[in-house]
Amino acid sequence: MKTVTDFLQVVLKQSHQALKKNEIPVGAIIYDPKKMILISQAHNKELSSMDPTSHAEILCIRKACKKLNQKRLDGFTMITYLEPCDMCKEVIKSARLSEVKFIFSNQNPSRKTIKKISYEKLALEEENLVQLFFKKKRIKN
């Protein structure tokens, strides 16, 4: 049976793989804490894929959801090398992971290099398709 220490070694291995590939050295895993089995593992691919969403945590979530054929990961735990950034934290919440453990704190949580973006709600006489979609879903259930 695997232990948390075994899973930590996988996170470290993923982080080292990222470093060897000249990526930001962050690895992540998702495991089932009841069965102590590894569900998925990934490392950052943001630079090689030219994709700002290719953080280890997000790639790991994508792999787990695909493997389990579900969009929610209730009851599962993630271990990541670095404390997740705000983007990853939102994806983690959306995926409904039960717990996240990390090895190192994020020393740049505000990401000072990112400019504040202006958001503006536009006025349009149109039915909200998202509301309609979920309204129909609730009626069926």
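How far is the sulfur of C65 from the closest cysteine sulfur, and in which residue does that closest sulfur sit? Before I answer, let me say that this is a predicted model, in which local features need pLDDT of at least 70 and side-chain atom pairs count only at pLDDT 80 or more, while totals for chains, interfaces and linings use all residues. Residues are numbered from 1 along each chain as its sequence is written, and side-chain values use heavy atoms, with hydrogens and water left out.

The closest sulfur belongs to C60, and at 9.9 Å it is too far from that of C65 for a bond, given that a disulfide is a pair of cysteine sulfur atoms within 2.5 Å. By that rule the count of disulfides is zero. C88 is likewise in no disulfide, the nearest cysteine sulfur, that of C85, being 3.7 Å away. C88 has 0% relative accessibility and is therefore buried, a term that means under 20% relative accessible area with a 1.4 Å probe, protein chains only, whereas exposed means over 50% and partly exposed lies in between.

Let me turn to the nonpolar cores, meaning sets of buried Ala, Val, Leu, Ile, Met, Phe, Trp, Tyr and Cys residues joined through side-chain atoms within 4.5 Å. The largest has 17 residues, and C60 and F76 are among those with the most contacts inside it. Helix 3 (56-68) is one of the elements supplying at least two residues, and with six residues it gives the most to this core; helices here are DSSP runs of H or I, at least four residues, and strands are runs of E, at least two, numbered from the N terminus.
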